[in-house]
Amino acid sequence: MLSRPDVAVVGAGPVGLAIAWRCAARGLRVAVHDPAPGSGASHVAAGMLAPVAEAYFGERELTGLLTGSAARWPAFAAELTEVSGVDVGYRTEGTLMVGLTADDLAEARRLWAYQQGLGLSVTPLRPSALRDREPALAPRVRGGALAATDHQVDPRRLVRALRTAAERAGATLVPAAVRALSELDAGVTVVAAGCGAAALTGLPVRPVKGQLLRLRAPGGAAPGFRHVIRGYADGEHVYLVPRPDGEVVVGATVEERGDTDVTAGAVLRLLRAGVGLLPELAEYDLVETLAGLRPGTPDNAPILGPLPGRPGVLAATGHHRHGIVLTPVTADLIADLVETGTADPLLAPFSPARFASPAAGGPGPFVSEEEYPWN
């Protein structure tokens, strides 16, 4: 029987498991509560580590967190592979961002200009240079850019690796749902439950539906392209993520709804856009269609840190499209906070307290973030 844990982690997706691993590796007693580890958003995710391509207007602080976490990924992946013995599929070929038509390219260039203005690495490429890198691109593609630092990882392998690493470090998995935080008895509770965090904490985390497809190259061959392709095709935004085993992930819709039904219209739009950019995909096998729920927030940024008015409770949720790329930095910052009781300044813009004022309809009053009850 597990003695009273120092840390109870609610949620066994990549973020929760990584926090559990980091805490257990520091000698803390950790229990992870989840009836179905890795069955949430990460099971559907494509695994893009895209701080450049995902740098959007008005999200400067979030972009800083994304780039900082992406910089941790090489060492994080190497350490995790060594500890777990699981290859997480970390690949560094980079991402090509492309526009199929003149209108698509104009839209893409507007975003690239903003990204370059932030000092991010965006290298414009002419159509001929794009096809030198990826000959399989459609002749119609009008232009693009290279985000050399945008990489990828396989989220399903990542979950397996993190679970193994956490358990080898001493964390215990409790395969049961948590319906209220009052059920838990631990020194510190970390809520990393994705969309489920709303019911547990009152935080404004909402489901954002995403549908995607998994294809497979004929005959078990590797896909005919190496880079992640992110593009606009006749106004439709699509990404194409190749895996060495022949899999290609095609995604993803962004829908403000909470069901996980796969619709014919979404499949049609994704396939039309994907084949428009890479015609050879029309000959690939369609092996999986699925939908998941991203944990969105009002400002699209994660919610990280102490929950106002809830002593000993930390939030690590609301990662929306960025859960995979933000896994290393979230795990490090939350583990540091659990161990020391002191919040790294990087957490300040993402504190739950930004939603805690009565005007914001948050879960409770502000509390000081200088000292915490478990110190």
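Student: In the hairpin of E15 and E16, which residue takes a positive phi?
Tutor: This is a predicted model. The hairpin has 6 residues between its two strands. One of them turns to a positive phi near 75 degrees, and that residue is Gly309.

Student: In which sense do strand E15 and strand E16 pair, parallel or antiparallel?
Tutor: Strands of a sheet pair through backbone hydrogen bonds, in one sense or the other. Strand E15 covers residues 303-306 and strand E16 covers residues 313-317. Over 4 bridges, their pairing is antiparallel.

Student: What is the bridge partner of Ile303 in E16?
Tutor: E15 runs over residues 303-306, and E16 over residues 313-317. Across the bridge from Ile303 stands Thr317.

Student: Which residue in E9 stands opposite Val10?
Tutor: Strand E1 (residues 7-10) pairs with strand E9 (residues 188-191) over 4 bridges. The sense is parallel. Opposite Val10 stands Val191.

Student: Which residue forms a salt bridge with Arg72?
Tutor: The structure holds 27 salt bridges. Side chains of opposite charge can pair when their charged atoms come close. In the Arg72 pair, the closest N and O atoms are 2.8 Å apart, and the partner is Asp332.

Student: How many residues apart in sequence are the parts that Arg72 and Asp332 tie together?
Tutor: Arg72 lies in helix H3 (residues 60-84), and Asp332 lies in helix H9. The pair therefore ties together parts whose separation in sequence is 260 residues.

Student: Which element gives the largest share of the lining of the largest cavity?
Tutor: The whole structure has 3 cavities of 30 Å³ or more, and about 90 Å³ of space lies in the largest. Its lining includes Tyr56, Met97, Trp112, Arg230 and His237. Strand E4 (95-99), helix H4 (102-117) and strand E11 (228-233) each give two or more residues. The largest share, 4 residues, comes from H4.

Student: How many residues in the lining of the largest cavity are charged?
Tutor: The lining has 8 nonpolar and 3 polar residues. The charged count is 1.

Student: Which element gives the most to the lining of the second largest cavity?
Tutor: About 50 Å³ of space lies in this cavity. Among its lining residues are Leu17, Val32, Arg163, Glu167 and Thr172. Helix H6 (155-168) and E8 each give two or more residues. With 3 residues, the element that gives the most is H6.

Student: What is the volume of the second largest pocket?
Tutor: The lining of this pocket has 14 residues, with Arg109, Trp112, Pro124, Leu125 and Gly144 nearest the centre. H4 gives the most, with 5 residues. By class, the lining has 8 nonpolar, 3 polar and 3 charged residues. The volume is about 170 Å³.

Student: Which residue has a positive phi of about 50 degrees although it is not a glycine?
Tutor: Most residues other than glycine have a negative phi. The exception asked for sits in the loop between E11 and strand E12 (236-242). The residue is Asp234.

Student: Is the peptide bond from Gly251 to Ala252 cis or trans?
Tutor: Most peptide bonds are trans. Ala252 lies in the loop between strand E13 (247-251) and helix H8 (264-277). Omega is near -15 degrees, and the bond is cis.

Key: Residues are numbered from 1 along each chain as its sequence is written. This is a predicted model: local features need pLDDT of at least 70, side-chain atom pairs count only at pLDDT 80 or more; totals for chains, interfaces and linings use all residues. Side-chain values use heavy atoms; hydrogens and water are left out. Two strands pair if DSSP finds at least two bridges between them. On a 1 Å grid over the protein atoms alone, a cavity is a set of points where a 1.4 Å probe fits but cannot get out, and a pocket is an open set with protein on both sides within 12 Å along at least five of seven lines; lining residues have an atom within 4 Å of a point. Grid points are joined across faces, edges and corners, and a volume is the space filled by probe spheres set on the points. Ala, Val, Leu, Ile, Met, Phe, Trp, Tyr, Cys and Pro count as nonpolar, Asp, Glu, Lys and Arg as charged, and the others, Gly among them, as polar. A salt bridge is a side-chain nitrogen of Lys or Arg within 4 Å of a carboxyl oxygen of Asp or Glu.
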